[in-house]
Amino acid sequence: MKQVTVPVLAALAKVLSGATVRWIGCEPETCQRIYFANHTSHLDALVLWASLPKNIRNLTRPVAAVDYWQSGPVRRYMATVFNVLLIDRKKIKVHNSPIDMMLREIGDVNSLIVFPEGSRNLSGKMGEFKSGLFHLAKKRPDLELMPVYIDNLNRVMPKGEFLPVPLLSCISIGAPIWLESGESKAEFLQRARKSVLKMKDS
Amino acid sequence: MIDATLTTLLAVQNESASSFGEGPGSWTIGLVLVVLVSLGALLAAGQTLKRKPESHIDPAILRNFNKRVTSWLTICVMLVIALMLHRSVTIALFGFVSFWALREFITMTPTRRGDHRTLFWVLFGFTPLQYVLVGIDNYDLFTIVIPVYASLFIPARIAFAGDHKRFLERTAKIQFGLLICVYSLSHAAALLNLKLAKWNSDTGVWEAWENGPNDTYGLLFFFIAIVQVSDILHFLWDRLFGRHVIAPAVNATKTWEGLLGAACCTSLVGMVIQVVLPVTPFTWWGAGFMALIISIMASSGSMTMSAIKRDRGVKEHGTLVLGHAGVLDRIDSVCFSAPIFFHLTRFFTDAESRVVDVVAEQSVAAATMGMSCFSFLV
């Protein structure tokens with residue numbers, strides 16, 4: 001069943017969002033990566049996931065909030081189709097760290113899609129990054145951190161809307177960054193945020 | 001007397017062809033072949049020149065030329081396939097192109113959150129509705145739904161959404177996009193609905209057209225071919241003889257020489273097509289006049305779209321979102337000329353639309369159309 005629904009839903013997501021994918025200064029690879037992107041629409045995770053090449057897509061899991069993706073049968077089903085890694089935002093404790101869970105889940109095979117802003121912003125301006133990306137980079141320095149800028153998807157399906165307007169969107173994936181030795185958390189998060197913004201204009 | 005002939009003529013027509021077109025006539029097939037072969041030849045020539053390193057032609061111009069020819073060939077092949085399949089497939093094809101063009105247009109123009117639901121209804125409501133109305137041949141409705149009903153619906157729906165910032169500007173953008181991408185283009189598909197007859201000005205009676213009243217495929221293909229010829233000629237005239245740029249701030253390459261040269265040459269091409277392959281019920285000079293109008297409207301379409309693109313700071317819609325072909329870029333000339341060509345053809349050759357004083361109505365119609373076409377030259 002999944003062999004049919006996954007490509008069909010991926011194709012549907014691509015058609016609805018008219019997404020163009022640009023790989024700038026990097027190539028699609030199956031090595032372990034963290035794609036980190038700006039967050040403006042519920043479609044972000046799905047469209048970014050759907051626009052990856054099939055062999056990469058099968059290895060990549062979007063990270064998303066359990067309270068959104070477990071409400072209602074449709075979303076719950078979609079979450080299984082897209083192999084979403086669900087994080088419970090309310091139960092974050094020291095012994096139950098989502099970072100450890102993510103790293104446990106991906107092992108040494110899978111890649112992740114994360115949205116370091118945490119939640120979608122309404123203003124259209126990109127928010128500050130939360131520290132999760134820094135901890136990921138610190139614990140697994142071998143992962144390639146890929147900046148992704150998602151353009152126009154907030155117009156396809158803005159917050160609070162359920163009907164899509166299929167405008168053309170654009171996904172730009174840039175060259176990977178890594179945590180540099182001696183770099184502080186704030187510096188790294190600033191640099192990561194800038195690398196996403198740089199994709200907007202390139 | 002006119003009424004009597006018209007009634008008999010319509011009766012004969014209804015007998016001979018109760019349903020829509022029986023497929024393209026032999027002249028139309030001839031024209032299709034000629035167009036495909038010439039486009040293929042142009043493509044081959046362009047590709048050969050590209051390979052020759054010693055040619056003196058600017059490679060950027062050549063690339064642009066090849067791109068144009070390739071996209072026109074694609075459009076023609078798709079149109080021919082649709083025409084061979086069924087009338088409804090052709091109308092659906094135009095509908096899909098409209099949808100895609102409107103999508104590009106809205107992507108290019110900034111809208112606000114408050115416009116979201118309006119845009120949904122425009123894209124999924126009015127766009128399909130327009131083509132359904134063309135499909136069921138409801139002339140009264142398909143000519144007024146967008147300019148009247150949609151024009152009133154759009155501002156009202158935006159007002160209900162509660163965002164008043166730049167209200168008129170946002171309303172106008174959506175209205176304009178719908179009018180150009182959907183309403184205007186649908187008139188090209190609506191050419192298939194016309195019931196063609198010949199007006200004999202010597203005797204003052206309607207005569208049956210030898211191709212049959214429903215051979216509208218020829219008319220549609222004549223129109224598309226003329227727009228293409230005009231586009232290519234305009235491009236060549238600009239590059240070869242262009243001196244006086246019309247509006248450098250809007251489009252740095254479009255010149256008066258190009259506009260007038262292309263219009264005159266296209267007119268000649270229209271006459272030649274009609275004499276060699278009579279695919280339309282026009283006289284030879286009528287076809288020349290139609291081609292002239294089409295060419296001028298096509299040029300003004302490209303100019304208008306250039307102005308919009310300049311205002312938005314993009315050169316081509318296609319590069320706005322990389323990888324998309326830029327449908328709007330290719331069809332701007334078709335959009336502007338389709339409604340004018342449709343109505344002129346209807347006034348002069350559609351047997352069903354004429355019941356009263358033909359000559360007076362045609363004169364008034366021609367004067368109105370002529371004025372709207374030529375007013376911007378002066």
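Let me begin with a term: helices (H or I, at least four residues) and strands (E, at least two) are DSSP runs, numbered from the N terminus. By that count, chain B has 14 helices and four strands.

Hello everyone, and a word on what we are looking at. This is a predicted model, in which local features need pLDDT of at least 70, side-chain atom pairs count only at pLDDT 80 or more, and totals for chains, interfaces and linings use all residues. Residues are numbered from 1 along each chain as its sequence is written, while chains are lettered from A and ligands numbered from 1 in the order in which they are written.

How confident is the predictor about chain A? pLDDT is the predictor's confidence in each residue, from 0 to 100, and chain A averages 85, with 94% of the residues at 70 or above.

Now to chain B. An automatic or database domain assignment supplies the domain bounds: domain 1 of chain B covers 2-85 + 199-377, and domain 2 covers 87-193. Two residues are in contact if their C-beta atoms, placed from the backbone, lie within 7 Å. On that basis, 25 residues of domain 1 of chain B meet 21 residues of domain 2 of chain B. On the domain 1 side, H13(B) gives the largest share, 10 residues. That side has 20 nonpolar residues, four polar and one charged. Here Ala, Val, Leu, Ile, Met, Phe, Trp, Tyr, Cys and Pro count as nonpolar, Asp, Glu, Lys and Arg as charged, and the others, Gly among them, as polar.

What about the other chain? Chain B puts 15 residues in contact with 13 residues of chain A. H5(B) contributes the most to the chain B side, five residues, and that side is made up of six nonpolar, five polar and four charged residues.

Last, the core. A nonpolar core is a set of buried Ala, Val, Leu, Ile, Met, Phe, Trp, Tyr and Cys residues joined through C-beta atoms within 7 Å; buried means 20 or more other C-beta atoms within 10 Å of a residue's own, all placed from the backbone. In the largest such core, of 149 residues, Val148(A) and Phe223(B) touch the most other members. H9(B) supplies the largest share of this core, 15 residues. Both domain 1 and domain 2 of chain B give residues to this core, so it lies between them.

Notes:
Buried ≥ 20, exposed ≤ 12 C-beta atoms within 10 Å, placed from the backbone.
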